[in-house]
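I opened the coordinates to look at one helix and its surroundings. My entries follow in the order I looked things up.

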Amino acid sequence: MTCSGCGVVRDRERNDPATTGAVCAMMEAPAPSPAPESPMTADYLATGFPQVDASTRTADYTRCLDLLDSLPYFKTYKARSDVLLDLHAGPTVLEVGCGLGHDARRLADLVAPHGRVIGIDSSRRMLEEARARTAPATGLAFVQADARALPCASASVDRCRIDRCLQHIRQPERVIRELARVLRPGGRLLAYDNDWGTFTLSSSLREATDIIQARWANAFTNPWIGRDLPRDLLDAGFHAVLVEPSVSLIRDFALADRVYNLSETLARAVRDGAVTPATADAWRAEQALPSRTGGFLCSLTAYTVVGTK
Ligand SMILES: C[S@@+](CC[C@H](N)C(=O)[O-])C[C@H]1O[C@@H](n2cnc3c(N)ncnc32)[C@H](O)[C@@H]1O
């Protein structure tokens, strides 16, 4: 059954009232979800996010999202996304790929007391953690679903937000079409995502650095999704499409290593024979020096793209 209030459809198989909380009362069977991703690469941040529940190291994913959420760059673009979404008290907002619910909780505060926020994620474990961190009766519900088959009635929500989720999903254009379907005419979609083709690390060892950059970037399902977003929104029928780039700059190697799995990427390159152990040692040794003097640089361009249905 579909909730007449928010359009969310409950997953009968899970039969878990917590997925819908106080938001939904009437439900109908959801559309079938696409097949799950392969669990083969579940323990590497670039590849594991489509299948967090298959990982033996879920804490790595929650630690990663908490770390990112604490960084000033993330706070700035997320605050800007609230402005671009033109949020005001009252609307129904869908936060797709909500992870631990950092953004969903902020949005719920912004649209309170009459608005409501539905956080959607494919990971049961992410949603359990999101619920555990959320005070009851906040007009916020978390629902497990695949972004390509949203359990929402057509034209039932006012705003959709999707943040660094499309980089992980096959057929991202299908997600954007789904978001267009569930938005009311005049509703707004904000998508933020990375362009991994712009990922750069400073080093004098160019060959090894090229390999690390390329292996990390190309491990994502959609490494160029950031630059593809304007086209994808226009193809899905959105108009008044606005594009804002933003550059994340990290000058501390230890932090970049935590955010971008640099050491793990290098270790994998050595294991696969793409980089020799001696070159890997030299690369690490060099990074240890400039990080002490602020000489390290790691940058990435992402795009915030907003469209109106
Ligand atoms: C990089 S995290 C971003 C989380 C959150 N948007 C944030 O800014 O902290 C990507 C999220 O997308 C979810 N995800 C991956 N594939 C998905 C899919 N097909 N449908 C819904 N969520 C998905 C993951 O479980 C994860 O929580």
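Predicted model: local features only at pLDDT ≥ 70, side-chain atom pairs only at ≥ 80, totals over all residues.

I started with burial in H6. I found Pro172, Val175, Ile176, Glu178, Leu179, Ala180 and Val182 buried.

Next I asked what the buried residues of H6 pack against. I listed strand S1 (92-96), strand S4 (157-163), strand S5 (183-201) and H8.

I then took up the helix pair. H6 spans residues 172-182 and H8 spans residues 225-235. I noted an angle of about 45 degrees and axes 10 Å apart. Angles of 65 to 115 degrees count as roughly perpendicular and those under 35 as roughly parallel. The value for this pair therefore makes H6 oblique to H8. I logged the crossing of H6 and H8 as right-handed.

Which residues make the contact? From H6 I noted Pro172, Glu173 and Ile176. From H8 I noted Ile225, Asp232, Leu233 and Asp235. I sorted the residues of this contact by class: four are nonpolar, three are charged and none is polar. Pro172 and Ile176 are in the contact with H8, and both are also on my list of buried residues in H6.

Last, I looked at the whole chain. I counted 12 helices and seven strands. Of its 309 residues, 44% count as buried. Among contacts with a separation of 6 or more, 72% join residues 24 or more positions apart.

Notes: Residues numbered from 1 in each chain as written. Axes fitted to C-alpha atoms, helices over the stretch in contact; angles between N-to-C directions. Helix = DSSP H or I, 4+ residues; strand = E, 2+ residues; numbered from the N terminus. Parallel < 35°, antiparallel > 145°, perpendicular 65-115°, else oblique. Left-handed = near helix turned anticlockwise from the far one by under 90°. Contact = placed C-beta atoms within 7 Å. Nonpolar A, V, L, I, M, F, W, Y, C, P; charged D, E, K, R; others polar. Buried ≥ 20, exposed ≤ 12 C-beta atoms within 10 Å, placed from the backbone.
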